[in-house]
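Here are my notes on this model. Please read them beside the coordinates.

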Amino acid sequence: MKKGWLLWLPLAVFGLFFGIVAYGLINPAERTIDSKLIGKPLPQFALPAAAPGIAGLSQADLAEGGEPRLLNIFASWCLPCIAEAPVLEGLAGQGVQIDAIAIRDKPEDVAAFLKRHGNPYKRIGSDVDSRVQLALGSSGVPETFVIDGKGIIRYQHIGDIRPEHVPVILDQLRKAR
Amino acid sequence: MIAEAGLAALWLAFALAALQFVLVLLGMTGNRGELLGAVRPVAVVQGLFVCAAFALLIWLFLRSDMSVKLVAMNSHSAKPFIYKFAGAWGNHEGSMLLWVAVLALAGAGVALFERRLERPTLMATLGAQAFIALGFYAFLLFASNPFARLSPAAAEGQGLNPLLQDPGLAFHPPTLYFGYVGLSIAFSFAVGALITRDVGPAFARAMRPWVLIAWVFLTIGITAGSYWAYYELGWGGWWFWDPVENASLMPWLAATALLHSVTVLATRDGLRAWTVMLAVVAFSMSMVGTFLVRSGVLTSVHAFAVDPTRGSFILALLAIYIGGAMALYGLRVGTVKEGSQFDPVSREGALVANNLLLSVILCLVFLGTLYPLITEALGFKVSVGPPYFNLVTGPIALILVAIMGAGPLLKWRRDELKPLVNRLALPVLISAIALFALVAFAPRAHILPLLGLVVAAGVAAASVAPLWKRNLRRTPGFVWGMVIAHLGIAVSMVGMAAESSFTKETLVAARLGESETVGPFTVRFDKIEPIAGPNWTALEATLTVVRGDGKPFVLKPQARMFSSPPTETNEAAIATRIDGQLYTVLGKEDEQGRWQLRLWWKPWVTLIWLGGGMIALGGLLSLVGRVRRERRAHDRKAYA
C-alpha cells in the first residue's frame with residue numbers, strides 16, 4: 001500500500017485536537033507557575049508612552065515610592081484583557097497602584113481600549129516588539145506581576161485576573177510590603 | 001400546548017432519523033433491499049417535522065409565552081416584532097434547533113432532488129446524514145431542550161442582548177447556518193462514497209451543486225456578518241479574528257478548496273482521495289466551530305451561556321463523527337484507485353496550488369484559534385490576536401490570489417510556460433503601473449496592503465481574461481460565475497488594503513458648535529438630545545458634515561441605553577459615498593462638558609462587502625449554469 005501512514009494522519013491530527021480540547025474542558029482552572037524571575041530585580045527598561053496623555057514606564061518608576069504595586073501586561077487586541085479590566089478597576093479602586101505595559105499595540109487602539117473598558121493604570125509603557133515582555137519572563141497577555149517597593153518581582157499571575165484571584169493578589173501585595 | 005407540540009415534533013424527527021439510519025443499515029448489509037425504498041420518504045418527513053418544531057418555537061416567541069423558559073430568558077414583551085421573531089435563534093437552544101433544522105432539510109433536499117448519484121452511494125449518504133442528525137437531536141433533547149417550561153411562569157422576560165437587536169439577526173444566522181450546516185451533505189457524500197468505494201467523476205458531478213449551494217450561503221453569511229459587526233459594534237473594524245468569526249471562516253476555506261478540487265475530479269478524474277478528505281474536513285470544521293462557540297472553552301464576544309456538560313456532549317459527538325469519518329478514510333481510501341495524472345504546469349497544477357495554500361491558511365487560522373487552549377493545557381491562558389493572524393495569513397493569501405489570477409488561463413492536463421507568460425503580460429503590466437502609482441502617491445503605505453493593491457489590480461485584469469475573444473452570449477454560466485467570483489476576490493482585496501492603509505481617524509473631545517476634520521470632511525457638532533425608542537433611550541448627536549464645497553448632510557450617531565437587560569451600545573452613524581464611508585461614533589461626556597467623538601474616513605471600504613457579494617453571485621451563476629447545462633445534456637440524451 002502506498003504511503004500507508006499518510007492515510008491515518010487526519011485521524012491523528014483530530015486525536016491531538018481532541019486531547020487538547022478535552023483537557024481544556026476538564027481543567028478549566030489554571031495552575032500557577034513560579035517564574036524564575038521571582039525574587040530578582042526588574043530588568044532595565046524605559047518604554048515610551050503607549051497612549052496620549054498617560055506617561056510611559058521605566059524600571060526606575062516601578063522602584064519609586066517604596067510601595068508595592070502591580071505591573072499588568074496587556075494589549076488592546078486581547079480578549080481575556082477585556083474580561084479582567086473590571087477586576088483591575090476594582091483593585092485600583094481599593095487603592096492598589098497599577099502600572100502597565102501594552103504589548104504590540106498602537107496608541108489609538110490603547111486609547112480606545114481605555115475609553116471603552118476603563119483606565120486603572122497610572123503609567124503605561126509601549127512595548128511594540130515584546131522585548132521587555134520577554135525580558136520579564138512573560139510569554140503572553142494578560143499577565144500581572146507584583147513588584148515590591150524596591151523594584152523586585154515578588155509574584156507572577158499568568159492569565160486574566162478573575163474576581164476569585166483578588167484575595168491572592170491582595171495577599172501577595174501585603175507580603176511584599 | 002404549543003411547547004409540548006414542538007417537543008413532540010422534535011422527538012418524532014429523532015425517531016424518524018433513527019428509522020432512516022436503521023433502514024439503510026439493514027437494507028445495505030442484509031438481503032433486505034426492499035427496505036431502501038422507504039429511505040427517501042422518511043428523510044423528507046423527518047425534515048418536515050423539524051421545520052414544524054422550529055416554526056412552533058418561533059410562534060412561542062411571537063406570543064411572548066413566558067411560561068417557556070427559553071422565551072422568558074431571552075425575550076421581552078416590549079420588544080419589536082422582528083426581534084421577537086429573530087430572537088427565536090438569538091440564543092443557544094433556539095440556534096441549535098435552527099442548526100438541526102438545516103441539517104434535516106439538507107438531508108430532505110438530497111432525498112428529493114438527487115438523481116444522479118448511484119443508488120447504493122445515495123443510500124449510504126442518506127444513512128450517514130441520518131446518523132449525524134441522531135447525535136444532534138439527542139443533544140437538543142437531552143442537553144438543550146428549547147421547549148422546557150418554567151413553573152411558575154415569569155411575569156416578564158429578561159430581554160435579548162441589545163447587540164443582537166438589529167435587523168442583521170434576522171438574516172445573518174440563518175444564511176450562515178444554511179452554509180455551514182449545508183456542508184454536512186458533502187460530508188455524508190464522502191462517507192457514502194467511502195462505504196461503496198465509488199469515488200469518481202460521476203460522484204464529483206453529483207456532489208458539486210450541493211457544495212456550491214452551501215458555499216454561496218456561507219459566503220453571504222460571512223459577508224453579512226462582517227458588515228453587521230462593522231456597523232453594530234461601533235469599533236470601526238470589519239474583521240476581528242474572533243473565535244466565532246474563525247469558526248465560520250475555517251469551513252469556508254475548506255469548502256473553497258473543495259469546490260476547486262471537486263472540479264478537478266469531475267473534469268479530469270484527479271485528486272480522488274484529497275477531494276474526499278476535503279469534503280470530510282469542511283463539515284468537520286463546521287462541527288468544531290459549533291463546539292468552540294457552545295462549550296465556552298474559548299473567550300469570545302459571541303459566547304453563549306456556557307455549560308460544561310454541553311461542551312462534553314458536543315465533544316463526544318465530534319469524536320464519533322469526525323473520528324469515525326477519518327478512521328473510515330484511513331481504512332478505505334487506500335482502496336480507492338488513483339485518479340489520472342497531470343503536468344505541474346496545467347489547470348490542475350494551479351488548482352492543486354490553490355488547494356495547498358488554502359489548506360495552509362486553514363491550518364494557521366485553526367492553530368491561532370486553538371492557541372489559547374494549547375497554552376492553557378501547558379498551564380497558562382494566552383490569546384493571539386490580529387497581529388498574529390494578519391502576519392501569517394496575509395502573505396499566503398497574496399500568493400494564493402496571484403495564482404488565482406493565472407490558473408484559469410492555463411489549459412487542462414498540460415500547458416507550456418511560454419504562452420502563459422504571454423497571456424499574463426497585460427495583467428503584470430497593470431500591476432506594475434499600480435505599483436508605480438502607489439509608490440508615487442502613497443509612499444507611506446504599509447508593505448502588505450501595498451502589495452495587496454498591486455496584486456489585486458493585476459488579478460482583476462487576469463480574472464476577466466477568460467472572457468477574451470469569447471462570444472459573451474454563448475459563454476456558459478459557470479465561466480461567468482468563475483470570472484465574477486474571482487473578480488470579487490480582487491475587489492474585496494482592494495477594499496481591505498485601502499481600508500487598512502488609507503483610513504483617516506480623528507478621536508476628539510468636542511464641545512457643541514466645534515468643528516473637526518477627518519479626511520476630506522468637516523464635521524460640525526451641532527447638538528445633543530435625548531430620544532426614546534421602543535425599548536431603549538438614547539443620547540443622539542447631530543453632526544453636520546460637509547465635503548469640500550459639496551452640500552452639507554446630517555449624521556446622527558447615538559449612545560443607547562437598553563432597559564432589559566440594562567446595557568449600553570453605540571449606534572454608529574455611517575454615510576456611504578461612492579469612494580468610501582464616513583463612520584461616526586458618539587462616546588461619553590467628560591467632566592468639562594466635552595463629548596467624545598470618533599470619526600473615521602474609510603476610503604473604498606465598501607468594496608470589501610461588494611466583493612463578498614460578487615463572490616456569492618459568482619457561485620450562484622456557476623450553479624445555475626451547471627444545472628442548466630446538465631438538464632440540456634439530459635434532454636438531448638432523452639431524444640436520442
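Buried means under 20% relative accessible area, exposed over 50%, and partly exposed in between, with a 1.4 Å probe and protein chains only.

This is a predicted model: local features need pLDDT of at least 70, side-chain atom pairs count only at pLDDT 80 or more, and totals for chains, interfaces and linings use all residues. Residues are numbered from 1 along each chain as its sequence is written, chains are lettered from A and ligands numbered from 1 in written order, and side-chain values use heavy atoms without hydrogens or water.

1. The whole structure holds 20 salt bridges over all chains. A salt bridge is a side-chain nitrogen of Lys or Arg within 4 Å of a carboxyl oxygen of Asp or Glu.

2. B:Arg149 and B:Glu4 form one, at 2.8 Å from N to O. B:Arg149 sits in the loop between helices H6 (119-143) and H7 (168-182) of chain B, and B:Glu4 in helix H1 (residues 2-29) of chain B, so the pair ties together parts 145 residues apart in sequence. B:Arg149 is partly exposed at 33%; B:Glu4 is too, at 36%.

3. How many residues of H11(B) are buried? The count is 22 of 24.

Methods: Helix = DSSP H or I, 4+ residues; strand = E, 2+ residues; numbered from the N terminus.
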